[in-house]
Amino acid sequence: MGVIHTLVGHPESCYRQSMPAAFYATTAKGMTGLLAEEVRALGGADVVEDRAGVAFGGGLTAAYRVCLWSRVASRVLAPVARFAAHTPEELYEGAHAVRWGEHLDPRRTFAVDCTAASAPGGTVWHTHYAALKVKDAVVDRLRTAAGARPSVDTAAPDLRLNLHLEQDEALLAVDLSGDSLHRRGYRGEAGAAPLRENLAAAVLLLARWPAVCAAGGGLVDPMCGAATLPIEAALIAADVAPGLLRRRFGFMGWRGHDAGAWAPLVAEARARDRRRAAELPPMVGYDADPAVLRVAARNLARAGALHLVTLERRELAGCEPPAGAAPGVLVVNPPYGERLGEAHALMALYARLGDTLKQRFPGWTGFVLTGNPDLGKRIGLKVARRHVLFNGAIECRLLEIPVSEAPAGPRATTTPGGAEAFANRLRKDLKQLRAWAAREGVTCYRVYDADLPEYAVAVDLYERWVHVQEYERPATVDARRAEARLHEALAIIPAVLGVPPADVFFKVRRRQRGGAQYEKLGAREDFHEVREGGHRFLVNFTATLDTGLFLDHRLTRGLVGELAAGRRFLNLFGYTGAATVYAARGGAVATTTVDLSNTYLDWARRNLELNGVKGARHRLVRADARAFLEQERGRYGLIFLDPPTFSKSKAMTGTLDVQRDHVELLRAAAALLEADGVLLFSNNFRRFKLDAAALPDLDIEDVTRATIPRDFARSPRIHNAWRISRRR
């Protein structure tokens, strides 16, 4: 027994006031005005618009036309009954009174959608239960009348019924569309954050694409993804009824279906189809991801529009109008930054979008759909109009941005005021460090570290990617000014470093509390391979606060590699195993990496395998490092101990405070050293004080200065390091 998916209070189903009309077409919030225009143009009579859709008459032919031709509708409903339903019993009786034999063949399958809108004094319905009551009523009525009962098919029923409950009233309708009309049938793969086809069509209609197309203007989507916007644009340009791409409509399993009225409408739509036409305006989809473009090409092929849209791999900054195209529209649905940290990271992307519009598309009009108003402001161009649309539950703004006819001239290489100072300082640092890095064979290094207090960011270059961290703003610094400076920095960084904005990743580095250093910011697995010291490492710029490779420990890892030959190596608080890679590749006879996180141990395993380090000699141990030290009986020639400043985890006993607990840690680790063994101890607590007096049996050498790389010379307190051995 089953009933199909139900929604409580869904805006598309609130059609009570318009029930007396013959039909009702639903759409997403913000699109009802467009739908009303469509329905009138398609022959709908007595059109009445409300907040969830439009009611209309005009006979079955008009309803069929809406199913076939509407680009923004979600469903077309044919109401069959309206009755009071204060109780489940009244709901059953009202549904049972309908002559279902006029609508459904008892040998066919059906399903019931139920929606409910809360209202003062109205019954609170459980939609799943209400749908079951209607299903029972339909089955009982048909079994009594015909001696047979239909089956329920929740996935692909022959007939779908729609039940809406509001203010103690039940409204029953036949769903003429079946599957939602936004499912055209061409999108086999959607990619990340897909845009519904009818929302894409609404964007194009608000962008006045039909008129632009008729005048010969072009269309460009600079971040096309799965190509939903270019495909919908091509269907409009070629006068293709979106319903032509569908295999089936809900009315095809309805006993009220008039095949004689439907067939000529399909024939007319096929005759109007201009997909084979030689002359249509240029339509282009750009994207920086070749895998995404392959998905887009397959979707275009399924839509029969592969020859109508040009797909090309380009970074946002390199997008331009198609050759010979008259000024047209640039439409784009950039990411909104819903997850923690993403909105800040996208500032540079939106700034570059505005720059691209201004520099490359004079005379065009940009239409940017964004669910983040603050990001929309980063475009930096005047918005002529804002249209409210909804992408699922996200309230969005479609920003209409006309671009001046006059070309903006060459791109500025400097910016006014403090921003110019930041740009100049970044250029100076890059010039000096790039020469040093080339000599030393360093590919991942810090370029800028809050050199100018007003621009309190750290900028790290990981080969072709840039990792930007904003230091936590002191309470004494004005939040709006800090935000403005950050925006300036994120716009300048990709231009000065010569990288696409999409390859700039941004995070806010706050003072660490608890285990925050290792907390995941999101579930996305987005690894990139980089090289250091002749070794290969996986870094992740999005999933965790840190990347998996602490650049300030570059020389410390090098020291591990130098000391490891012929020794057994122990890496405590092993993180992603970078030090273990150095030890193993440096000639360690065996390695043991200890960490409490399965995530980081798996990351360490991948790093080891990436460097050809495999086998039983290289252990990965999930354990609290302190508990491991208490239980371990083996001896090691080299131990690397790099604990976090403070840590608290459900899987560990108590808390770890490096200042409070370092003596205990060092004694326990030193106890595992072989006679000539070496313990390298490091931490990143800037106010750390080593209690050497409490460790009289150990030789302790401060190697902090020797392990601070040149790119961190501006931050000599970035870490502390000691070389420790047992006194003989």
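A residue is called buried when its relative accessible area is under 20%, exposed when over 50% and partly exposed in between, using a 1.4 Å probe and protein chains only. The model examined here is predicted, so local features need pLDDT of at least 70 and side-chain atom pairs count only at pLDDT 80 or more, whereas totals for chains, interfaces and linings use all residues. Residues are numbered from 1 along each chain as its sequence is written, and side-chain values use heavy atoms, leaving out hydrogens and water.

With a relative accessible area of 4%, Thr547 is buried. This residue sits in the loop between strand S22 (535-540) and helix H15 (554-563); helices (H or I, at least four residues) and strands (E, at least two) are DSSP runs numbered from the N terminus. The Thr547 side chain makes a polar contact of 2.9 Å with that of Tyr462, and also reaches the backbone nitrogen of Leu549 at 3.3 Å. A polar contact here is a pair of N or O atoms within 3.5 Å; within protein, one must be able to donate a hydrogen and the other to accept it, and residues adjacent in sequence count only if both atoms are side-chain atoms. Leaving aside neighbours within four places in sequence, the contacts of Thr547 (heavy atoms within 4.5 Å) include His467, Tyr575 and Trp603.

The side chains of Glu197 and Arg187 are joined by a polar contact of 3.5 Å. Not counting residues up to four places away in sequence, Glu197 touches several others, among them His182, Arg183, Arg184 and Glu232.

Turning to a whole helix, H2 (residues 59-69) is mostly covered, with 8 of its 11 residues buried. Among these are Leu60, Tyr64, Cys67 and Trp69. The buried residues of H2 pack against elements including helix H1 (32-41), strand S5 (75-84) and helix H8 (259-272).

Finally, 7 strands form an open sheet of mixed pairing, in the order S25-S24-S23-S26-S29-S31-S30. Strands S25 (618-622) and S30 (698-702) stand at the edges with a single partner strand each, so one side of each has no neighbour in the sheet. Two strands pair if DSSP finds at least two bridges between them. Strands S26 (residues 636-641) and S29 (residues 673-683) run parallel and are joined by 5 bridges, with Tyr636 opposite Leu673 in S29.
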